[in-house]
Structure formats: C-alpha cells, structure tokens
Protein chains: 4
Amino acid sequence: MKAVVFRGAGEVEVRDVPEPVLADPADAIVRVEYAGICGTDLHLIHQDGALAPGDGLGHEFVGVIVEAGAAVRGLAVGDRVTGADFTACGACWWCRGGYHWECAERTFFGSGTAFGAQIDGAQAEYVRVPFADVTLQRLPADTDPEAGLFLGDIVATGYGAVQRADFAPGSTVAVVGGGPVGQIASQAAQACSAGFVVVVEPVAERRELAQRCGALAVAPDAARAAIDELTDGRGADAVIEAAGGARGLEAALGVVRRRGTVVSVGVPSEDQWTMPLARCFADEITLSFAIGNAIRDRDALTALLRAGVIDPTVIIDGRVGLADAVRGYTAMHERRSVKTIIVM
Amino acid sequence: MKAVVFRGAGEVEVRDVPEPVLADPADAIVRVEYAGICGTDLHLIHQDGALAPGDGLGHEFVGVIVEAGAAVRGLAVGDRVTGADFTACGACWWCRGGYHWECAERTFFGSGTAFGAQIDGAQAEYVRVPFADVTLQRLPADTDPEAGLFLGDIVATGYGAVQRADFAPGSTVAVVGGGPVGQIASQAAQACSAGFVVVVEPVAERRELAQRCGALAVAPDAARAAIDELTDGRGADAVIEAAGGARGLEAALGVVRRRGTVVSVGVPSEDQWTMPLARCFADEITLSFAIGNAIRDRDALTALLRAGVIDPTVIIDGRVGLADAVRGYTAMHERRSVKTIIVM
Amino acid sequence: MKAVVFRGAGEVEVRDVPEPVLADPADAIVRVEYAGICGTDLHLIHQDGALAPGDGLGHEFVGVIVEAGAAVRGLAVGDRVTGADFTACGACWWCRGGYHWECAERTFFGSGTAFGAQIDGAQAEYVRVPFADVTLQRLPADTDPEAGLFLGDIVATGYGAVQRADFAPGSTVAVVGGGPVGQIASQAAQACSAGFVVVVEPVAERRELAQRCGALAVAPDAARAAIDELTDGRGADAVIEAAGGARGLEAALGVVRRRGTVVSVGVPSEDQWTMPLARCFADEITLSFAIGNAIRDRDALTALLRAGVIDPTVIIDGRVGLADAVRGYTAMHERRSVKTIIVM
Amino acid sequence: MKAVVFRGAGEVEVRDVPEPVLADPADAIVRVEYAGICGTDLHLIHQDGALAPGDGLGHEFVGVIVEAGAAVRGLAVGDRVTGADFTACGACWWCRGGYHWECAERTFFGSGTAFGAQIDGAQAEYVRVPFADVTLQRLPADTDPEAGLFLGDIVATGYGAVQRADFAPGSTVAVVGGGPVGQIASQAAQACSAGFVVVVEPVAERRELAQRCGALAVAPDAARAAIDELTDGRGADAVIEAAGGARGLEAALGVVRRRGTVVSVGVPSEDQWTMPLARCFADEITLSFAIGNAIRDRDALTALLRAGVIDPTVIIDGRVGLADAVRGYTAMHERRSVKTIIVM
C-alpha cells in the first residue's frame with residue numbers, strides 16, 4: 001500500500017510499504033479515508049533523531065474498520081471510526097483514572113520513537129490500531145468525517161485545556177495564540193459557559209477566523225487593554241496558553257487576573273522558566289499544564305462535534321490526495337496553508 | 001407617583017400612590033426605567049387572597065438609584081441597576097451559603113404577602129429596595145437594559161435550572177415547556193456545554209422561537225422518538241422541566257435516560273404526586289426542584305447577558321408606557337402577548 | 001468442587017458442582033478465599049422465581065486468579081483480587097461514562113436471572129469472572145482481605161451514596177438505617193468531609209456500632225430534635241436513605257433541611273410513592289436514587305480501605321467454613337448475625 | 001486599655017492605649033477573650049519598615065461583641081465570635097466571588113500597613129472590627145473557644161489549601177512542612193477524603209504530632225521512598241506545600257506524581273523561581289498558590305471545628321496572660337514554643 005514516510009532531513013515521500021496485519025487480539029486494522037497533516041509532523045521531520053528514514057507519519061485519521069482482533073469489544077468491521085492520536089491499554093491505574101497519556105503502553109501514531117514505542121503512521125491506506133476499543137471512537141453517521149478527523153488531536157487538546165481551566169459561567173477567557181489549537185480552545189470555551197472569549201494573536205487572518213467563530217480577537221499589544229475593558233480592569237478569569245514556552249506563559253500572566261487560572265497547552269522549547277514567584281503567590285495564581293486526551297474525552301467530543309457546537313473544519317484550507325501528500329507538507333511548511341488534509 | 005396596583009378580582013389599575021422613602025439604612029430608592037409584566041403577576045391577581053386592593057405589582061425592573069441608605073455598600077446614586085425579584089439579608093447562614101430564597105427576611109416585590117412580608121411593586125415610577133447591595137446588581141453600560149430586565153426572574157430561573165442539572169459537556173438536554181423560562185433554559189443549556197438541546201412544546205410559535213435560538217424543538221408526542229434518535233435510544237441526559245406539576249414531571253420522566261437528571265422549575269398546582277418509585281430506583285434517577293436565585297448568580301448572569309451569550313429580549317413581543325400598563329396585562333392574559341414590558 | 005446452591009423455598013445447600021472453565025478470552029477463574037453472605041442472598045432464596053434449584057449463590061468474594069484469558073489486560077495469574085458484585089463490558093457508552101450498571105452485558109454473580117443473564121455464584125471454591133479486567137481489582141498486599149471482601153457491594157453502595165450526595169465540607173449528614181450499608185455510609189460520610197454524621201436507627205446495638213465508628217446515633221423518634229440541635233433547627237444538609245421504600249423516604253424528608261439532598265440506596269418494595277410535591281418544590285429538595293458501582297469506584301475504594309479510612313470489617317460477627325455455609329445463612333436469617341462470612 | 005504594641009527592632013511591649021470606638025456603622029467592638037501569637041507577628045516585628053513603634057499587633061482572636069454599628073447584620077451584642085485575620089467589604093465583585101482577599105478595602109489586623117490600610121491589633125482588651133458581619137463568625141456555644149481562635153488564620157489556610165488541591169477520594173496526599181499550617185492541612189486532608197496523608201518534616205516532634213493526629217510522617221530524605229511504597233511508585237496525587245519558597249516547591253515537585261497537583265501556601269522569600277518547565281509540561285502538573293480565606297470558608301470551618309473533625313488546639317504549647325504577652329513572644333522567637341496563646 002502507499003504511505004507517507006520520512007525520507008530524511010525535513011523531507012517526506014509517498015512510498016509503497018507492507019500492509020499492516022493484526023499483531024494482537026486487541027488490534028484493529030482501519031482503512032484510512034481522511035488523514036491530517038499536523039504541525040507535529042512538520043516538527044518531527046525537521047527534528048534531529050526523532051525519526052528514521054522510512055518511518056511512517058500521521059496521527060490524525062478517520063476510516064473504516066476492515067479487521068478486528070478477538071479481544072476488541074464494542075466495535076465491528078465496517079464501523080467508521082476516528083482515532084485518538086495515541087494509544088493506551090485502558091486497564092491500568094492511569095487509564096482507569098483518565099490519565100491514558102501516562103499509560104506504560106502508550107504509543108503515538110506515526111512519530112517513530114518520539115513518544116513511546118514505534119507504531120504505524122496514519123497517512124497511509126491502512127493503519128494498525130493497538131487497543132482498538134480504547135483508541136477508536138465510532139463516528140455517528142450524521143457527523144462530518146472531516147470534523148471527526150480532528151477529534152483525536154486538536155479538538156481533544158483545545159477542549160481539554162478548557163476543561164482543565166474549570167472557569168465559572170460567564171468568565172472572560174483569553175486564548176493566547178490563534179493557531180489550530182487556539183481556535184478550537186476558543187470554540188470550546190464559548191461552548192462551555194464562557195462569557196467573552198478573547199483570542200490574542202498577531203496574525204490578522206487568524207484573528208478574523210476567531211471572530212467569525214464568535215470570539216473577540218486582538219493583537220498581543222492590545223490584549224491587556226481590551227480585556228481590562230471587559231473586566232473592569234481585573235483581567236481574564238482564565239487564560240488558555242496555546243502559543244508555547246516562556247513567551248506564551250508570560251503573555252498569559254500578563255492578562256490573567258488575580259486568583260485566575262492559566263492552562264498551558266503550548267509545547268515549550270525551553271527546559272526551564274523563570275517564574276515570577278512572589279507575584280504568583282500574592283495573586284494566588286493557578287498554573288496548569290495539559291495535554292489533550294481524546295480517549296478520556298471521546299464521548300463528550302463526539303457529542304459536541306455531532307451537535308455542531310465545536311466545528312474544527314473551519315481551519316481546513318487545503319485538501320490533497322495521498323499521492324500528493326508531499327505538496328501538502330510543503331504548503332504547510334511554507335505557511336501557505338494552516339491545515340491541509342489528505343483525502344483518500 | 002403612578003404605580004400599577006391590584007384593583008380586585010383579576011384587575012389592575014394605574015393609580016397615584018405615595019413615593020417610597022428610605023425605611024432602613026440598607027435601603028435604596030430606584031427610579032424605574034423598565035418593568036416587566038410576568039405570568040406570576042397574572043396569577044396573583046386571579047388568585048383569591050394573595051393580594052389586597054391597592055397592593056402594588058411587579059418584580060422585574062431596571063432603573064437608576066436615586067437615593068441610598070448609609071449602610072448600602074458598593075452602589076451609588078446614579079448607578080443603573082437591575083434587581084433580583086426578591087430580597088434577602090445577605091448575612092445569615094442561608095444567604096452565606098447561596099440559599100438567599102430561604103432567608104428569614106426574604107420578601108418578594110409586588111406580591112402582597114404571597115412570598116413573605118409585603119414590599120413595594122416595581123411597576124411604578126419608583127421602588128424601594130431593601131438590602132439594596134444584596135438585591136441590586138449594577139448593569140454594565142454596554143448591556144441592553146431590556147435584557148437586564150429579565151436577569152432577576154426568568155434568566156435566573158432558566159440558568160439556575162441548568163446549573164442544578166450539572167450535566168456533562170456534550171449532553172443531550174431536553175427542556176419540557178417552551179414558555180419564557182423554557183426558552184431561557186434552552187439558551188442557558190446551549191451556553192453551558194450541552195450538545196443537542198431539544199425543546200418539547202405543543203405551540204408551534206414557541207417551537208419556532210426555540211429553533212431560531214439554536215435548539216431543536218418538537219411537539220410532545222414526537223419528543224421521545226426525536227431524542228432517541230439523537231442518543232442511540234438512551235434518552236436525554238438531563239431534562240429541565242419548565243411546564244409544571246405532575247404532567248410536566250411525567251413528560252420529563254418519559255424522555256430522561258437511565259441515570260439521568262430531571263430539574264423541575266415549573267410551579268406545581270398539586271400538593272402530591274405519585275412517583276414511579278421502583279422505576280426511579282432501578283434507573284437511579286435524580287429529581288431536583290429549583291427556584292431561581294438572581295442574588296447568588298448575579299455576576300454570572302450579568303456576564304452572560306453582557307456577552308450576548310443569553311439573550312432574553314427574544315421573548316419580548318409588546319411594549320407599553322406605564323399609563324397603558326393595563327393594556328399589557330390584558331394582552332398577556334388573553335395570550336396575545338408572551339411578554340409585554342413597561343417602558344417608562 | 002463445593003459450592004453453595006439454591007435448594008428451593010428459602011433453603012440452600014453445599015453441593016458438588018463442576019469447576020468453572022474459561023468461556024471467553026476476557027474471562028478469569030478465581031480461587032475463592034473469602035465469600036460473604038449478603039442480605040440479597042437471603043432475599044433471593046425467599047423470593048418466588050428468582051432462582052432455580054441448583055443455581056449458585058454469592059456475589060462478595062476475595063480470591064486469587066488461577067487462570068486468565070488472552071484478552072485480560074493488566075491482571076495476572078497469582079494476583080489476589082476482589083470483585084465487583086456485577087460485571088460489565090467496560091467498552092460501551094454506558095461503561096465509558098461510569099454507568100456500568102446499565103451495560104447491556106451486565107450480569108450479577110450468583111443471582112440466577114434476577115439482574116441479567118445467569119453467571120456463577122462466588123460462594124464456591126472457584127468462580128468464573130467475565131470481563132475480568134473490568135470486574136476485578138487487585139488487592140494491595142497490605143490490605144486486610146476481609147475488608148476487601150466488602151468492596152464489591154456494601155462499600156461501593158455506601159460510598160456511592162455519599163458521593164452522589166455531594167455535600168459541602170462540614171455538612172451535617174443523616175443516615176437513615178444502621179444496617180451494613182448505613183454503617184458504611186456513615187464511615188464514608190465522615191471520610192468525605194462531613195461535620196456531624198447522625199445515624200438514625202431503632203436497634204440499640206446498631207446505634208452503638210455507629211457511635212464506636214465515630215457517628216452520633218439516635219432512635220428514629222429522636223432524630224429530628226437531635227439534628228435540629230446540631231443545625232440551629234435547619235435540619236440535615238444531606239440524608240443517606242439506607243432503609244428502603246416509602247417509609248425510609250419519609251423518614252429522610254422528615255430530617256432534611258430546605259434545599260437539602262436525599263440519596264436513597266434502600267431497595268423499595270413499593271412500585272409507587274406519594275411524594276409531597278408542593279413541599280419538595282417549595283424547599284427545592286433534591287432526591288436521588290443510587291446503586292453502588294464497585295467498577296467505577298474501585299481505585300478510590302481500594303485506596304480508602306488500604307489506608308483504613310473505611311473499615312467494613314466492623315460489621316462481621318460470624319465466620320464459617322464453606323462446608324458450614326448453611327449455618328451462616330440460618331444465623332443471618334434468624335437475625336443472630338448481621339454479617340457472616342465464609343472463610344475457605 | 002492594655003494592648004501589645006511594637007516597640008521597635010524585634011521587640012514588643014504591653015502598653016496602655018485608647019479603647020477603640022465605632023468608626024463606621026458596619027463596625028463592631030469586640031472584647032477579646034483569647035488572642036494568638038502568630039509566626040507572622042514575629043516576622044513583622046523583625047522586618048524593617050513593616051511596623052511603626054506603637055502599632056498594635058495580633059490577628060487571631062475570639063471574644064464577645066460589646067458594641068455593634070447600625071449597619072451590622074445578623075450579629076448582636078453578647079455574641080461570642082471569632083474573626084478572620086483580615087477584613088473585606090463583602091459587597092464588591094471580588095467579595096461576591098469568594099475572593100475577599102482581593103477586596104479593595106482589605107485590611108489585616110495588627111500589621112501596620114503591611115497588607116492594606118492600618119487597623120487595630122487583636123492582642124488587646126478590645127478590638128474594633130470593620131465590616132463586622134463579614135469578618136466575624138458567631139462561635140457555637142459548644143465549640144471550644146481555643147479551637148475557634150485558629151479559625152481565622154491557620155485553619156483557614158490549611159483547609160483552603162486542601163480545597164484548592166481538589167483531590168479525588170482515596171488520594172495519597174503529601175504535606176511538605178509540619179508547622180502549624182502543615183498540621184492543619186494534614187487534618188483537613190484526612191477530613192476531606194484523602195487516603196494516606198504523609199507529612200514531610202525534618203523535626204521529630206512535629207512528625208510525632210502529625211502521627212498522633214492520624215497522618216504518616218517522614219523526614220524529607222525518606223519522603224519519596226515512603227510515598228512510592230504507598231502508590232506503586234507513582235508519587236503523591238496532591239501535595240500541600242507549607243514550607244515556603246523555592247525549596248518547598250522543589251520538595252513538592254520531588255514527590256508529586258505525573259498529572260498531580262501542588263498547592264503552595266508557604267510564603268516565598270524569593271521573587272523568582274526557576275521552574276522545571278519541560279518536566280511540568282510533560283507531566284501535566286498543576287501548581288496553585290493559595291492564601292487562606294476565613295471569610296469565604298467560615299461556615300465550613302465552624303462546622304468542622306464544632307464536630308471535632310479538625311482540632312487545631314493540638315498545636316498549643318503555651319498560654320500567657322495579656323500582661324505576660326512579651327514572654328510568649330520570646331518563647332516563640334526562641335523556638336521553645338510552637339504556639340503560645342494569650343488568655344485574657
């Protein structure tokens with residue numbers, strides 16, 4: 001079958017690879033219909049050592065189960081499914097508590113050994129899915145599969161951040177960063193009882209997208225003033241930090257009110273960060289780091305997508321066939337596309 | 001000054017009455033700008049013994065503080081405010097816990113002695129407000145005062161029911177009854193993380209209003225089938241019962257899923273109700289009765305109104321001056337109007 | 001092997017039955033070390049039609065896994081485990097939401113067809129456990145197995161009721177009924193942030209047990225006065241109703257405060273109950289029915305038992321060998337024993 | 001009257017000062033019966049510039065209201081009360097949300113201008129209490145006033161930290177630091193559903209006190225191993241950091257599990273702290289800073305004290321009369337006493 005694989009030094013190619021087969025009774029094989037190209041894919045192919053040539057790529061997918069092991073419960077051949085971007089056993093202490101990301105058997109699709117043991121990529125005609133009944137979620141017949149495609153990654157991340165922030169109804173919520181995750185966080189905050197939602201983002205097109213989707217949007221240097229006007233000068237009740245690293249955290253602390261909450265979902269590039277400790281104590285700040293978990297949240301996410309409450313398809317601005325996947329990678333790398341998806 | 005007062009036997013009139021004066025250091029006097037006519041007003045004037053001739057009416061109001069006692073904290077003359085429909089001391093065990101409705105000093109505007117000691121009605125040029133800093137909420141300058149008018153009663157009730165239901169994000173929520181409170185409950189459920197919201201209502205115009213405001217709407221006999229289709233046959237995760245009494249409760253139990261929650265805000269006319277005990281136990285149902293509390297929830301409500309997340313003005317279909325208030329009562333009594341407001 | 005089976009008309013016997021074998025890759029076989037005799041067992045053998053002669057009995061057990069199917073995750077032969085009293089698939093919508101009791105594949109150990117399809121009883125040398133990794137919980141080495149024996153049933157029930165009540169820290173909690181579940185509910189309420197806990201129970205020995213375990217205990221006719229003294233006359237913030245049926249519910253409503261919560265875990269014998277609707281509405285009561293779920297709560301329960309925070313062994317007042325199990329049944333039926341356990 | 005006042009350079013004295021009088025209708029005058037000497041008092045008298053000579057000291061007190069302004073609601077002359085250590089208006093946005101510490105009118109008893117505008121100290125025969133109905137809490141007749149003495153400060157702080165940590169029932173909770181606040185946090189964690197509670201403390205006497213009060217206690221270098229044994233090597237689910245500053249935070253991060261929560265109540269001496277950002281992100285840590293709020297939590301605290309669930313009197317190891325207050329300061333400064341109280 002055809003699959004997108006790492007070629008080396010920032011390059012991918014579409015190549016023939018063996019079709020996957022069941023390796024465990026808990027596995028399923030999914031015929032992929034849609035696969036996303038993610039910023040993480042670009043990051044991995046440009047990062048030294050994360051991938052070996054020939055490693056498959058892709059962790060966002062929607063498809064149909066074509067084979068299921070004997071231990072797969074509650075799913076059947078022919079089901080259209082969407083996958084979490086990672087897998088977990090579903091049975092250990094961590095999984096039982098909703099902490100699947102900490103499962104000792106965690107793997108992450110299409111990322112070499114970057115986040116656990118190596119498994120297949122989903123930018124391929126078929127993908128093998130370990131712990132299929134934990135990882136996969138049946139997609140309702142009336143749900144747009146292009147929406148379902150994002151459930152496993154950015155929707156889980158944006159929604160998870162909002163849940164972690166746990167703000168009171170009517171709260172003014174700031175989202176630092178208007179990329180894919182920030183856009184979803186903005187939608188999720190609106191869905192989950194926020195009053196005003198303010199997306200802080202330097203790029204005008206992204207601000208416009210956020211505004212079309214119901215948020216207010218401001219450039220970084222106008223953020224504090226805009227939020228102060230909405231809050232009698234108090235600042236944002238909660239901030240979702242979706243930009244990443246020290247700069248993102250400082251931007252978040254710059255707009256959060258006393259006794260407010262910052263949830264950071266932006267992957268930091270720094271190992272350390274100089275926290276303003278005295279201020280955080282005096283203001284009783286809560287700072288929380290969150291990684292999306294489409295396994296824990298799959299029923300809520302599916303329900304919100306199906307009802308149209310969260311619509312991640314607004315970020316799609318490119319579609320390619322599998323044979324043209326390299327073109328999609330290039331468009332995203334050159335920032336001509338925010339989100340290109342592969343339609344089989 | 002002019003005020004709407006009870007005349008007797010289902011009738012009101014606009015009459016000259018003395019202007020209110022401060023009776024306690026915690027009082028304020030509000031010059032009323034907008035006052036609502038509520039179903040409760042109609043109920044009171046047709047109910048034997050609730051009111052004496054001359055008793056003032058009205059408990060929904062927006063206005064400007066023209067006088068404030070020495071013990072009023074945090075509010076000043078000139079502030080535009082909206083009131084809760086009832087008053088409470090703010091300092092007792094009940095009030096501290098957010099149970100202001102149980103305060104021993106509770107009074108309810110413009111309802112004779114029906115719900116506590118007698119105080120003024122708000123369908124008047126001026127109204128005296130006891131415990132003003134507890135009862136009143138400053139209205140932000142950029143908030144439509146006609147929206148603020150509903151904060152104290154139907155918005156508090158619809159929102160309070162949704163909060164009490166405490167459903168998980170993505171839940172399918174049914175609202176039994178598409179009257180004013182049901183319409184707000186529908187909006188509040190959508191605002192507070194529901195997936196599908198289904199308003200169950202026999203009157204076509206009310207269903208259309210619910211749909212224009214983002215809900216699905218169905219006639220009672222189609223409710224279970226519609227909800228089953230949305231929930232794989234499980235039923236609604238939560239039901240807001242806003243019709244009232246045994247019939248409303250039975251309709252709610254007819255659509256709720258096993259382990260689901262019913263919150264009833266519809267005032268019952270029956271003293272007793274034959275509950276299907278064995279079924280409620282087997283299905284682990286939660287049944288909760290809730291009365292709105294605009295005092296407890298005022299900051300959330302103000303924030304949601306200001307952001308436009310809940311918009312109660314959609315139910316207004318009549319506006320009269322104070323001199324013409326009787327006409328408004330008649331229109332609502334004859335069901336030619338769902339909600340008429342008095343604009344001073 | 002030997003097992004306790006139904007003989008007919010209120011009688012059990014210990015008889016040779018075939019040893020269980022794996023029937024599904026998700027099954028495990030457990031060698032039973034401890035099994036409880038439960039009020040439910042007595043109820044089943046005296047109830048017409050629930051059991052057929054020869055049906056195995058028992059749903060409380062601790063033992064060691066001696067065989068595990070290929071699809072059993074996270075458990076291994078040799079693990080000492082305690083079981084939930086029922087089984088569920090762990091993979092369907094209900095199970096994913098923590099509603100395992102509603103799973104279409106629910107079965108209940110040793111109860112004929114009373115609560116789903118028939119499976120083995122646990123008062124036997126060996127028991128087959130479907131969906132073993134969902135149903136079983138590994139018991140920590142330092143946890144008293146006689147405590148673990150109760151995790152699957154009464155601890156889950158008493159704890160589940162307290163969780164459902166969801167009271168604020170410092171709440172005055174009443175427990176109606178000082179039987180096994182009521183005693184655990186009392187312990188669980190104390191563990192989970194109650195202030196005063198008052199057990200309402202007519203039998204002096206049960207009141208003394210409750211008091212030894214940290215609660216206050218009063219006879220039913222003294223309950224309201226005692227609770228009023230603790231609460232300035234308000235009544236209990238939350239009531240756990242562990243007596244059952246209309247009488248239990250009325251006792252609960254008799255002591256709950258306005259805006260309080262009643263959680264009923266007592267199995268009702270009536271189909272219907274005349275609820276005081278007007279009062280429940282005026283007082284904004286919440287009434288919730290709850291069935292224990294040792295699958296959902298197993299990690300919390302294991303942790304609380306291991307730390308000694310909840311100690312269910314206080315109710316044991318009889319121990320018999322398997323050969324003498326009939327004697328245990330008789331003692332409990334004749335109310336000479338509150339709780340007899342079978343030690344293999 | 002007599003009062004403890006700052007003399008200069010680390011010294012206090014008992015001196016005659018004018019009796020306080022009502023300065024506002026919301027004030028009350030309290031005749032002090034018990035006053036605590038707090039670590040904060042010692043800190044203030046040794047800190048440059050915090051106090052001017054003659055400034056009164058003390059913020060922990062129990063006494064009887066002898067005079068109440070006209071605007072004081074719900075309290076009367078003759079009531080025995082305990083005070084929060086600070087005051088707030090009770091009516092602003094912050095106060096309404098339970099964030100009284102952020103109230104623009106916040107003051108802190110007996111601390112010069114260190115935490116807001118200057119008000120009286122409570123180590124005196126009488127103390128003036130602004131916003132008396134917000135600041136004071138009536139003490140039940142059957143509650144030990146020496147327990148009530150701690151409600152306003154260390155009980156509020158220890159309890160508030162536990163509430164902020166918001167751990168699941170059965171959680172293993174570590175408390176870093178076994179001083180007064182750590183001891184209360186340990187008791188509060190046990191009261192509020194923890195499984196094992198482990199106090200990490202270098203001083204043997206403090207470890208023994210923690211163990212007498214139901215916790216496990218270990219020296220810092222044994223903490224991780226002890227906690228690992230209780231948690232299968234995962235670490236503590238939640239950590240209350242009651243030691244302060246960078247060292248406390250690092251000790252907390254050293255024992256917290258992945259996806260765990262650290263709540264810091266220890267006042268930091270550093271302005272900045274180098275946070276291990278990559279680790280906190282990868283492990284999805286939540287870090288929260290919390291200051292006690294006896295106003296927000298007063299009903300819960302009073303109820304827990306009255307029921308004996310939290311007993312702060314265990315830390316008292318010295319009692320002096322007001323005339324001998326200097327001796328109490330000295331004993332605490334020389335670490336011969338953990339907690340000395342002044343009994344009038």
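Chain B and chain C touch through 41 residues from chain B and 41 residues from chain C. Contact here means heavy atoms within 4.5 Å. This is a predicted model, where local features need pLDDT of at least 70 and side-chain atom pairs count only at pLDDT 80 or more, while totals for chains, interfaces and linings use all residues. Residues are numbered from 1 along each chain as its sequence is written, chains are lettered from A and ligands numbered from 1 in the order in which they are written, and side-chain values use heavy atoms, with hydrogens and water left out.

Start with the area. The size of an interface is often given as the accessible area lost when the parts come together. Buried area is that loss for two parts, taken with a 1.4 Å probe and summed over both. Chain B and chain C bury about 3900 Å² between them. Carbon and sulfur atoms account for 58% of it. Which residues of chain B lose the most area to chain C? They are Leu277(B), Phe281(B) and Phe289(B), together 19% of what that side buries.

Now look at the charges. A salt bridge is a side-chain nitrogen of Lys or Arg within 4 Å of a carboxyl oxygen of Asp or Glu. Four salt bridges cross the interface of chain B and chain C. Glu284(B) and Arg164(C) meet in a salt bridge, at 3.6 Å from N to O.

Polar contacts come next. Such a contact is a pair of N or O atoms within 3.5 Å; within protein, one must be able to donate a hydrogen and the other to accept it, and residues adjacent in sequence count only if both atoms are side-chain atoms. Between chain B and chain C there are 19 residue pairs in polar contact, with both residues at pLDDT 80 or more.

Which element gives the largest share of the side of chain B that touches chain C? It is H10(B), with five residues. Helices (H or I, at least four residues) and strands (E, at least two) are DSSP runs, numbered from the N terminus. Strands also meet across this interface. Two strands pair if DSSP finds at least two bridges between them. Three bridges join S16(B) to strand S16 of chain C, residues 286-289, and the two run antiparallel. Leu287(B) stands opposite Leu287(C).

Turn to chain A and chain D. The contact takes 41 residues from each of chain A and chain D. The buried area is about 3900 Å², with 58% from carbon and sulfur atoms. In chain A, Leu277(A), Phe281(A) and Phe289(A) lose the most area to chain D, together 20% of what that side buries. Four salt bridges cross this interface. In one salt bridge, Arg164(D) meets Glu284(A), with the closest N and O atoms 3.6 Å apart. Thr286(A) stands opposite Ser288(D).

Finally, find helix H11 of chain A, residues 298-306. Its buried residues are Arg298(A), Ala300(A), Leu301(A), Thr302(A), Leu304(A) and Leu305(A). Buried means under 20% relative accessible area, exposed over 50%, and partly exposed in between (1.4 Å probe, protein chains only). What covers these buried residues includes helix H5 (151-165) of chain A and helix H2 (93-96) of chain C. After H11(A) comes Gly308(A), whose phi is positive, near 75 degrees.
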